[in-house]
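Please keep the sequence and the 3D view open while reading.

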Amino acid sequence: MNTKSIAYYVSDYGYGHATRSIAVIRALLQVAEQPYRLVLCSSDKVLAFMQASLSGYQEIIQYRRCISDVGYVLQPDSIEPDTVAFAAKYHGYMENLPYEAAREADFLRTAEVNLVISDISPIAFAAAKQAEIPSLGISNFTWYTAYLEMIDHSALQPLFDVYAAMDYFFRLEGAFEPDWGQRGTFQADFFSREVDQQEVSRILQTINPGRQKRVVYFGIGMSINVQELAALKLWDDDACLYIVSSNMKVEHKNIVAIPASYTESQNYVAASDLVISKPGWSTVGEAVALRKPLLLLHRSKMKEDKNTILALQDRHPYRMIEWGQLMADNMHDYIDREHFFEDTRQRNGAVHIAEYLKQIVGSE
């Protein structure tokens, strides 16, 4: 049986695209009935994270550095977008895209790739089209729709044309996108990486052994640096413990930082009672899959956020909050009003994506 080769491109804006891609890759390799060879393509920081997460598959996964996408450009020490700085960066990226796509197309031909998957770098689709290789997008958004409120629509037409070249599109929950897939568009629910229940028990025994406190996962994103974090009043609420990422350089007796070398942050989400986050899809997806109520930070001009929030209505408990409110309020203003699930069984849609992927790979 011939080994199928897949090039999987992952956005390098934050780690959310990487975590959900890891979930899909693990599920695909679990359901596979034939051997695969995977080449994961992104920036150095994302590749290092994915390599650590997928260390058990060293024999079949290669890692390749490439240019990914622009992402968002944020105002200094803020979660709000900087539209002026973004516009300059976007135009430079689009000018360079044809050259990067040509280089990737050469690689795809040389490596004899059978299928290109992207979440959701546009370069991958341009390269696949040039190399005449089928392409597949997996995302809750494209950068084309994400930028509609940030830049003139005429400047976005080349980006639209690139995404329109994809053959298949897996529309994740919360997506309000065109039917990009020329050969098919599929719908997929929220999902997360699988949780290790023994590890969750170890975490809780370590940080909250008597189960006397509420555990709050505070995930504002690895790409966000907010200097005002130390001034948040919620840290002083002794009824709570706060789990934060390693890049949040805030110290307090009620704060527990996830170790920098720890890749499976979904286990810490599973150990929490409440999740505070910007409305990024991957953290929201983990909260939904693991049945954790959400307190979501409002950000302006973020179409992706709006669509994800719409997907939560009438199906998952959440509340919106402004950054200024979070700065000034105590945690008890929110924690006692939130709904906590009694059923904590994990729901996961990654396996459904993997089953479809298996069929598509087998047909190419």
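Predicted model: local features only at pLDDT ≥ 70, side-chain atom pairs only at ≥ 80, totals over all residues.

Residues are numbered from 1 along each chain as its sequence is written, and side-chain values use heavy atoms, with hydrogens and water left out. Helices (H or I, at least four residues) and strands (E, at least two) are DSSP runs numbered from the N terminus.

**Sheet**

- Seven strands form an open sheet in the order β3-β2-β1-β4-β5-β6-β7, with parallel pairing; two strands pair if DSSP finds at least two bridges between them.
- The edges are β3 (61-65) and β7 (184-188); each has a single partner strand, so one side of each has no neighbour in the sheet.
- From one strand to the next, the twist averages 20°; axes are lines fitted to C-alpha atoms, for helices over the stretch in contact, and angles run from 0 to 180 degrees between N-to-C directions.
- Strands β4 (residues 115-119) and β5 (residues 135-139) pair in the parallel sense over 3 bridges.
- S118 stands opposite G137 in β5.

**Helices on the sheet**

- Helix α1 (residues 16-31) packs on the sheet and touches β1 (4-10), β2, β4, β5 and β6 (168-172); contact means heavy atoms within 4.5 Å.
- The direction of α1 makes about 165° with that of β1.
- Helix α13 (residues 350-363) lies across β1, β2, β4, β5, β6 and β7, and runs at about 180° to β6.

**Salt bridges**

- The structure holds 18 salt bridges, each defined as a side-chain nitrogen of Lys or Arg within 4 Å of a carboxyl oxygen of Asp or Glu.
- D119 and R20 form one of these, with the closest N and O atoms 2.7 Å apart.
- This pair links D119 in strand β4 to R20 in helix α1, 99 residues apart.
- D119 counts as buried because its relative accessibility is 1%; buried means under 20% relative accessible area, exposed over 50%, and partly exposed in between (1.4 Å probe, protein chains only).
- R20 is also buried, at 4% relative accessibility.
- E264 forms a salt bridge with R26, the closest N and O atoms being 3.0 Å apart.
- E264 is in the loop between β10 and α8 and R26 is in helix α1, 238 residues apart; both residues are buried.
- E33 forms a salt bridge with K358 at 3.4 Å between the closest N and O atoms.
- E33, in the loop between α1 and β2, is 325 residues apart from K358 in helix α13.
- E33 is exposed at 66% relative accessibility, whereas K358 is buried at 16%.
- E33, E355 and K358 are linked in a network of salt bridges.

**Cysteines**

- A search of the whole structure finds 0 disulfides (pairs of cysteine sulfur atoms within 2.5 Å).
- For C41, the nearest cysteine sulfur is that of C66, 5.1 Å away.
- C41 is buried at 1% relative accessibility, and C240 is buried at 1%.

**Two serines**

- S42 is found in strand β2 (residues 36-42) and is buried, with a relative accessible area of 0%.
- Beyond neighbours within four places in sequence, the contacts of S42 include V10, D12, L47 and R64.
- S42 and C66 are 24 residues apart in sequence and 5.2 Å apart in space, C-alpha to C-alpha.
- S265 lies in the loop between β10 (255-257) and α8 (266-270) and counts as buried at 16% relative accessibility.
- Leaving aside neighbours within four places in sequence, S265 is in contact with R193, Y217 and I258.
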